[in-house]
Amino acid sequence: MTAAPVTPPIFDGHNDQLSKLLHDGDRRAFADNPGAAIDVARANTGGFAGGLFAIWIPSAQATGIDFGAMAAASFDVPLPDEVPRTTALPVAMAQIAILLDLERQGHLRICRTAAEIRSTMANNVMAAVLHMEGAEAIDEQLDTLDVFHAAGLRSLGPVWSRPNRFGHGVPFRFPGSPDTGPGLTPAGVRLVEHCNARRIMVDLSHITEAGFWDVARISKAPLVASHSNAHALCTTTRNLTDRQLSAIAETGGLVGINFAAAFLREDGRMSADVPLSRVLEHADYLIERLGEDGVGFGSDYDGAVVPAEISGVERLPRLRQAMADRGYGPALIAKLCHENWVGVLERTWGA
Ligand code: ZN
């Protein structure tokens, strides 16, 4: 007999599980992996129903960003070097292959429509949307984008923080504004137009403010930042200004609340000592700016230092309880947990 599902299920906007499984070299670990924030066993315990699984390409000289440097009172972490497409493409292929393998093992289902997400969650199977965080693996003619789309890609951030041929991202800097440099290149403009044509979601987390406004001007889809927070509460480059939030609200878009400590805390430190009330202060602020339909979660699990109280998916019932304790009603909690994400994906992809 299986236990009753923990509800409402949480479908969130960002995790780095594919990078972790590739780096660790053991994709079978996804079933039960105490060293990760997400595994299947604990997802059932915590009611984690899936979300956007990111393809992300490490630079040659660094597998990630230096969280130690981000624990300082102020910081400006040097970005790793740009990644050539010849390096990026096989890594992207390997990460997609891992996701396909997880589906073959029965751990999750790769979803391409909102209806598939809903039915997969209803069957208590993890729902995965293939996302790409930084378009290093894509060629300027966008042929690979069509191939990735055929393989299931439904969401794309033109840049991770590192620059590429399509645009510029924000460095990890605190304090700082997201207005750190140029935006999209001409190839980046074509990339966004092509995503619109294929109805691939364009993710604005990590892009510079100039790039954000470029996308806002070009894109016909709702504006979405899958894992970012409110700059008014935490003045890091990675968070969104009030003007950006207003633009997202105007398009019926969404922001996924990032659990990364450095983007939650007023002092900007990447330190796990963060009360859940701080997550909900960002939620309150974003709901005020975006409305109850414009906010979800974007955990950044397995890609950041997150609050100790929700260090892994099995602890997500604490987040639901904290929302209830704060006076959020069941309808709002369900919207934040998954309904808003599924809704904005449906508006982007079509029914
Ligand atoms: Zn990210």
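Here is a short walk through this structure, stop by stop.

Before you click anything, know that this is a predicted model, where local features need pLDDT of at least 70, side-chain atom pairs count only at pLDDT 80 or more, and totals for chains, interfaces and linings use all residues. Residues are numbered from 1 along each chain as its sequence is written, and side-chain values use heavy atoms, with hydrogens and water left out.

**Stop 1: the zinc ion**

Select the zinc ion, then show Glu133, His206 and His227. These are its protein donors, through OE of Glu133 and NE2 of each histidine, at 2.0 to 2.1 Å. (Donors are N, O and S atoms within 2.8 Å of the metal, or 3.2 Å for Na, K and Ca; water is not among the atoms, so sites may look incomplete.) Along the sequence, the spacing of the donor residues reads E-x72-H-x20-H. His206 sits in the loop between strand S8 (201–202) and helix H7 (209–218), while His227, 21 residues apart from it, is in the loop between strand S9 (224–225) and helix H8 (242–250). Helices (H or I, at least four residues) and strands (E, at least two) are DSSP runs, numbered from the N terminus. Both His206 and His227 are buried; that means under 20% relative accessible area, with exposed over 50% and partly exposed in between (1.4 Å probe, protein chains only).

**Stop 2: charged pairs**

Stay with helix H7 and pick Asp214 and Arg217, three residues apart there, or about one helical turn. They form a salt bridge with the closest N and O atoms 3.2 Å apart. (A salt bridge is a side-chain nitrogen of Lys or Arg within 4 Å of a carboxyl oxygen of Asp or Glu.) Asp214 is buried at 15%, whereas Arg217 is exposed at 60% relative accessibility.

Next, select Arg265 and Asp267, whose salt bridge has its closest N and O atoms 2.8 Å apart. Arg265 is buried at 15% relative accessibility, and Asp267 is partly exposed at 28%.

Now try Arg27, Asp101 and Arg104, which are linked in a network of salt bridges. The whole structure has 18 salt bridges.

**Stop 3**

Finish with Leu204, Ile207, Arg238, Asn239 and Leu240. Of the 14 residues lining the largest cavity, these are the closest to its centre. About 70 Å³ of space lies in this cavity, and its lining divides into six nonpolar, seven polar and one charged residue. (Ala, Val, Leu, Ile, Met, Phe, Trp, Tyr, Cys and Pro count as nonpolar, Asp, Glu, Lys and Arg as charged, and the others, Gly among them, as polar. On a 1 Å grid over the protein atoms alone, a cavity is a set of points where a 1.4 Å probe fits but cannot get out; lining residues have an atom within 4 Å of a point. Points are joined across faces, edges and corners, and a volume is the space filled by probe spheres set on them.)

Methods. On a 1 Å grid over the protein atoms alone, a cavity is a set of points where a 1.4 Å probe fits but cannot get out, and a pocket is an open set with protein on both sides within 12 Å along at least five of seven lines; lining residues have an atom within 4 Å of a point.
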